[in-house]
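Hi everyone, thanks for making time for this one. Let me put the structure up on the screen, and then we can walk through it together.

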Amino acid sequence: MSAVRENGVIVAIDGPSGAGKSSLTKLLAKRLGYIHIDTGAMFRAVALSAKRAGIASDDDKGLAELCQGLEISFARDGETCRVLANGEDVSSEIRTEEIGLLTSTISARKPVRQALLEMQRRMGAKGGVILEGRDIGTVVFPDAEVKFFLSASAEERGRRRYLELAARGESATLEETIAKVIQRDRQDEGREHAPLKQAEDAVPIDSTSLSIEQVLELMERTVKERLAQGGKG
Ligand SMILES: Nc1ncnc2c1ncn2[C@@H]1O[C@H](COP(=O)(O)OP(=O)(O)O)[C@@H](O)[C@H]1O
Ligand SMILES: Nc1ccn([C@H]2C[C@H](O)[C@@H](COP(=O)(O)OP(=O)(O)O)O2)c(=O)n1
């Protein structure tokens, strides 16, 4: 069993785009009274800042300097959690598909991963946190007490993302959205540094035919069983 952490255990939820990570992390964090850490939003904030500064996605020196001067924080207000970059609320700007694709490219660069790895470990070290991302259970917190790998078919994830974009008024066809999901999967899985992959000790959940509620019940039951076992199970 890992050493007991000050505020509770660390829960990792990794998986590809559109699997339901953000939705489930928020709901599970509320059920458990834990803090939700959206690591994807952190990478998106770096990508937005790089775009604004005109830093190329392969300019490792420029990206390293950018990350050194970038403070990424979360402002929590009840149900909402705003993402701040050097104090500026970038919650909306980081959510466009353009930034999502740029983020997938920039997040493959080693200086960006190293900088955010250090931030994420500082944020979660005391436990009582749920971190969602691509490499939480494999790189950021390999000793996390509970790890999930949440996935769904590319078609279902594309459909979910399509509905989400349509609700935001972004005009993309279902076929285009599925293709972009598959493109991001390939980039996230195929990169050299901290690729998207299931940790050996992660609980796999395929949400293709499950509702958000069904996934939440499964996750909550698993976490409570691990807590009852004293952390590692
Ligand atoms: N099991 C599910 N069934 C149906 N829709 C889902 C499910 N999980 C998530 N969604 C929806 O899919 C979209 C993407 O979910 P999100 O949590 O943002 O995924 P991720 O963080 O993995 O990209 C959201 O609109 C969300 O409400
Ligand atoms: N821990 C993480 C989180 C996100 N990323 C990268 C890979 C993703 O394509 C982008 C955007 O992540 P985000 O979770 O916001 O994207 P989705 O909501 O899953 O579509 O960032 C990463 O490399 N490592």
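**Around the ligand**

Let's begin with Lys21: an N or O atom in the side chain of Lys21 sits 2.7 Å from an oxygen atom of ligand 1. Please keep in mind that this is a predicted model. Arg161 also points us to the ligand, with an N or O atom of the Arg161 side chain 3.0 Å from an oxygen atom of ligand 1. For Gly18 we look at the backbone instead: a polar backbone atom of Gly18 is 2.8 Å from an oxygen atom of ligand 1.

How much of ligand 1 does the protein bury? Taken alone, ligand 1 exposes 560 Å², and the protein buries 80% of that. Two elements each give two or more residues to the shell around ligand 1, namely helix H1 (21-32) and helix H7 (154-167).

Now, who is in that neighbourhood? There are 16 residues around ligand 1, and those that come nearest are Gly18, Lys21, Ser22, Ser23 and Leu210.

**A look at Glu145**

Let's move to another spot. Find the loop between helix H6 (136-140) and strand S7 (146-151), and you will find Glu145 there. Is Glu145 buried or exposed? Its relative accessible area is 3%, and buried means under 20%, so Glu145 is buried. What does the Glu145 side chain reach? The answer is the backbone nitrogen of Ile10, at 2.8 Å.

How values were computed: Residues numbered from 1 in each chain as written. Chains lettered and ligands numbered in written order. Predicted model: local features only at pLDDT ≥ 70, side-chain atom pairs only at ≥ 80, totals over all residues. Heavy atoms only, no water. Helix = DSSP H or I, 4+ residues; strand = E, 2+ residues; numbered from the N terminus. Buried < 20%, exposed > 50% of the residue type's maximum accessible area, 1.4 Å probe, protein only. Polar contact = N/O pair within 3.5 Å; in protein donor to acceptor, adjacent residues only side chain to side chain. Near = heavy atom within 4 Å. Areas by Shrake-Rupley, 256 points an atom, 1.4 Å probe, with all protein chains shown as cover.
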